[in-house]
Amino acid sequence: MSVTMQPSALTNSAELVGLVDQAARLAELAGRADLTERLTQSRGRLAARRMRVVVVGAPGQGATALTHVLEQAAGERVPGASFSDAPGRAAAGQMWVLEPGAADAVLFVSDADQEYNAWELEAIARIRAQGTALAGILTKIDTQPRWGEVQRANRQRLQAENLDSPSVPLLPVSAALLQAGQQRGDDSLIAASGVPQLLDFLRDRVGTRVELRLRDAVLADVRAVSDQLARDWNTELDGLNAHAGGSPLDRQSRAVAELDRRQQLSASWQVALGDGTTELVSQVDFDLRERLREVLEQAEEDIENRDPVRNWTRFDSSLRESVEEATRANFALAGQRSERLAEQVAAKLAGNPDGSTAGVKLPSVWLQNPDDAMSRITPMRAPENGGMFARVVNSLRGSYGGVLMVGLLTGLAGLQLISVYSVSAGLLLGVFTFWEDRKNGRERAKAEAKMAVAKLMDNVNFRVGDELRTQLRTVHRTLRDHFTGINDQRLRTAADAVRAAVDAAARGERPDARLAELQNNLAELRQLRVHTTVSAR
Ligand SMILES: Nc1nc2c(ncn2[C@@H]2O[C@H](COP(=O)(O)OP(=O)(O)OP(=O)(O)O)[C@@H](O)[C@H]2O)c(=O)[nH]1
Ligand SMILES: [Mg+2]
């Protein structure tokens, strides 16, 4: 009893839920827990759609109490729903007007002690005329054990007034029971309140408008699942048809041989993945070191020939750019190699004579740029180049020493401390010290610059290398999980085929029953596929 009022362009939540459920049932039939899980997620996304529910009714029927408990209990069940009391409460005998489009669903409440009166029937007729999804709610069922009779009587009245086609769902609830159940933590009271059932009903059965983006995402999931199931079942069907010839015992031994082959393949892809990963990591790691070594060499050459110490910030940032370029290239290589590894493993698992990956889906693998690791690398500290002042002081000290030295020597010869000789010696030594210092300072700055670069490169090697290895470990895990899933499925299919063949051989018959079952499933899938594509236009 789905309440479907909107024109069907598959923007209606109830129709979409129906398709998701149908696909989920088929996935379950095929034992594909991974696909069932994917559909559970689509269903969750549908349950989280925005839904405005307005509760209306004659005065005193329990609209406010119901709105409160729905708000409290909605929780995970219908996380996108909002509930409100009828705006502009109607006084007895008057009619209130709902803005068209203000609600996705209307709950019309009436006390379970009495049947719909004329006023209520008129109100229901008006809401129906507006085309909003509608459900009738019998309230306060805790005080009225005979609510079932009232429900039946209401149905008759709706039918008599021509208001029951399509049928209006009539759901019993009790706000009081829900509250009592919540207070005492008693699940049976909560279930008896009918409120969880009402919420599920709103989630799955009330057709509200679904945004196009959500609809397309859900349909894409359903299509992907049905394609996957079609592939599985077609493969099995081909197998059955190919093996249909010969005696039941022949078919049995062929099925056993196929299972055996798949078991061997199951070992070989794991070896391929293990070896391939080790090789991948060492190749990519080597590539990173090589690229960084080139950057380091270039930087050392620049320090030697171009003296970048004076323009240190620019040197620092251009060095970083080269490092980033090198790491990006390295990560891109890692991505390509990972994809190639995935193909190699898939080919091993597929075991096709032509070495293709046909029959085994490839996973999507990708690496992120190590921007985060790069951003944690601090700029290089500028080397000190001594500075002019230090150099002048040093030269003065040199010339002073010169004056003293020669002055004292010539003093012994009877000349004064300050003489032509001593002053000339002082000048000479001062100039000498100045040039020596300048040269030493430059050499020291270069050496410091090289050390700073080496330290930066060490840091990059450490952090980016670490990031690279972490990401490659993730790739390995992704591949392992992906191929394990496929492998399990292939083994299960082969084992099922063996069991079916053994059964058939025991009964001495052809595997017709399974054949018919597969054909039925495929027919249902084709129909599902038509629903999800044609209506999506
Ligand atoms: N026993 C019982 N009483 C209820 C229940 N729901 C509501 N009531 C009582 O019914 C009376 C009316 O409830 P409201 O929720 O205020 O009803 P309403 O339709 O919002 O009323 P107005 O806003 O005054 O028109 C209150 O006394 C509630 O305590 C229920 O589930 N069980
Ligand atoms: Mg009220």
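Valine 256 belongs to helix 10, which spans residues 248–306. The model under discussion is predicted.

Colleague: Why is valine 256 called partly exposed?

Modeller: Valine 256 has 15 other C-beta atoms within 10 Å. A residue is buried at 20 or more and exposed at 12 or fewer; the value of 15 lies in between, so valine 256 is partly exposed.

Colleague: Which residue is 243 residues apart from valine 256 along the chain, and what separates their C-alpha atoms?

Modeller: That residue is arginine 499, and the separation of the two C-alpha atoms is 9.2 Å.

Colleague: What share of the contacts in the protein with a separation of 6 or more comes from residues 24 or more positions apart?

Modeller: Such pairs account for 79% of those contacts. As for burial, 34% of the 537 residues count as buried, and the protein has 15 helices and five strands.

Colleague: Which residues come nearest to ligand 1?

Modeller: Of the 16 residues around ligand 1, these are Pro59, Gly62, Thr64, Ala65 and Ala176. Two or more residues of the shell come from helix 3 (63–74) and likewise from helix 6 (175–184).

Colleague: Which helix gives the most to the shell around ligand 1?

Modeller: Helix 3 does, with three residues.

Conventions:
Residues are numbered from 1 along each chain as its sequence is written. Chains are lettered from A and ligands numbered from 1 in the order in which they are written. This is a predicted model: local features need pLDDT of at least 70, side-chain atom pairs count only at pLDDT 80 or more; totals for chains, interfaces and linings use all residues. Helices (H or I, at least four residues) and strands (E, at least two) are DSSP runs, numbered from the N terminus. Two residues are in contact if their C-beta atoms, placed from the backbone, lie within 7 Å. A residue is near a molecule or strand if its C-beta atom, placed from the backbone, lies within 6 Å of it.
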